[in-house]
Amino acid sequence: MRTMTCIEDLRQSARRKVPRMFFDYAESGSYAQETLRANRADLERIKLRQRILLDVAGRSTQTTLLGDKVALPLALAPIGLCGMQHGDGEILACRAAQQAGIPFCLSTMSIGSIEDVEQAVGKPFWFQLYVMKDRGFVRALIERAKAAKCSALVLTVDLQVLGQRHSDIRNGLTVPPEVRIKNIIDIATKPAWALGILRGRRRTFGNLAGHVRGMDNVNSLSQWIAGQFDPALSWKDVEWIAGLWGGKLILKGILDVEDARIAAKTGAAALVVSNHGGRQLDGAPSSIAALAPIVEAVGSAIEVLFDGGVRSGQDILRALALGARACLSGRAYIYGLGAGGQAGVARAIEIMKNELDVSMALTGVTRIADINRSVIAAM
Ligand code: GLV
């Protein structure tokens, strides 16, 4: 892993090792991918301000997130099908995050279940919730997350219907992969991946199998989601969920100031400014463009987190400069996972931490609390 110098190296390696259908699933945005590209392009447009001779010895990337100490302002975002990037992917990524001192968020649509991860790791993790039409099942999921002592519930609020990702249709994405000639040839060239999956505990959606009908073999993820996820979800349900959960609640998927104002009044501990990694409303603004107005409107009432295109420590610095408390990153660690399992995720986190540390030094700041707009160059 030492020769992996940046997230892009991990991405190239993952592309060679992970079957196309799963690599593309994580990689893609929706429709024409305009928003996916805007997330990166708008981050890159923000130029950092080089400062010199300011005594930047004794730096630290440590901070707090939802009141807990973290080694850097970063959490691993919830990623569906994480355990299809690498056998036992959720457990390995959670272990890497915990060893690095940052939170890991398990997805409802994960392969490893809440209980699998709980039994395999030492400390609490976050759980991400999708709301299905079957409210009894939603209640049960919340109870399971509580029983596993999850330290925060991340309610995704931007996926009541699924934005179409063309590659999932073209690749015929199924879980587990269907025995088709195209897949057999692809998997035959990725023997280490196949072995990892065979050795892993599960090959289907661990949180849902046995609880929801038709989960043992999902031959169209998008159709399944269309049938099960609740398009009628509303702010009233947020209240219901907050009441059932009773712990720290994070609302993920807010891009609009008006929505942020409502979110700030729900009693949630944090919101995540996010367009779901460019995977939902194509044509929506980049996440970074939405960040500053939301911080201005609600930043004193609720912790504002950020995701959408974070691939480096420089990106974390940019988001913090515009007022984010911390970032979430999904694809960056998924590349690490595909490239090298737990060590790959650990490397992804280490790369971004080192980049953040050096970029702090070169912009003249030594503490996370001192990062503000002054690290951005006037343009
Ligand atoms: C689910 O969260 C997805 O983006 O596919």
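Predicted model: local features only at pLDDT ≥ 70, side-chain atom pairs only at ≥ 80, totals over all residues.
Two strands count as paired if DSSP finds at least two bridges between them. Strands here are DSSP runs of E with at least two residues, helices are runs of H or I with at least four, and both are numbered from the N terminus.

Residues are numbered from 1 along each chain as its sequence is written, and side-chain values use heavy atoms, with hydrogens and water left out.

I start with the sheet. Eight strands form an open sheet with parallel pairing, in the order β3-β10-β9-β8-β7-β6-β5-β4. At the edges stand β3 and β4 (105-106), each with a single partner strand, so one side of each has no neighbour in the sheet.

Now to strand β10, residues 326-329. With β3 (residues 74-76), β10 pairs in the parallel sense over three bridges. Leu328 of β10 is the bridge partner of Ala75, and Cys327 of β10 stands opposite Leu74. With β9 (residues 303-306), β10 pairs in the parallel sense over two bridges. There, Ala326 of β10 is the bridge partner of Leu305.

Which way do the residues of β10 point? Ala326 and Leu328 point one way, Cys327 and Ser329 the other, and all are buried; buried means under 20% relative accessible area, exposed over 50%, and partly exposed in between, with a 1.4 Å probe and protein chains only. In a regular strand, side chains alternate between the two faces of the sheet.

Next, the helix. Together, β9, helix α14 (residues 313-321) and β10 make a right-handed β-α-β unit. Right-handed means that, with the strands pointing away from the viewer, the path from the first strand over the helix to the second runs clockwise. Why is α14 described as largely enclosed by the rest of the structure? Because eight of its nine residues are buried. Among them are Asp315, Ile316, Leu317 and Arg318. The cover over the buried residues of α14 includes α3 (34-45), β3, α13 (287-298), β9, β10 and α15 (331-363), with contact meaning heavy atoms within 4.5 Å.

Last, a residue elsewhere. Ile181 is found in helix α8, residues 181-188. At 62% relative accessibility, Ile181 counts as exposed.
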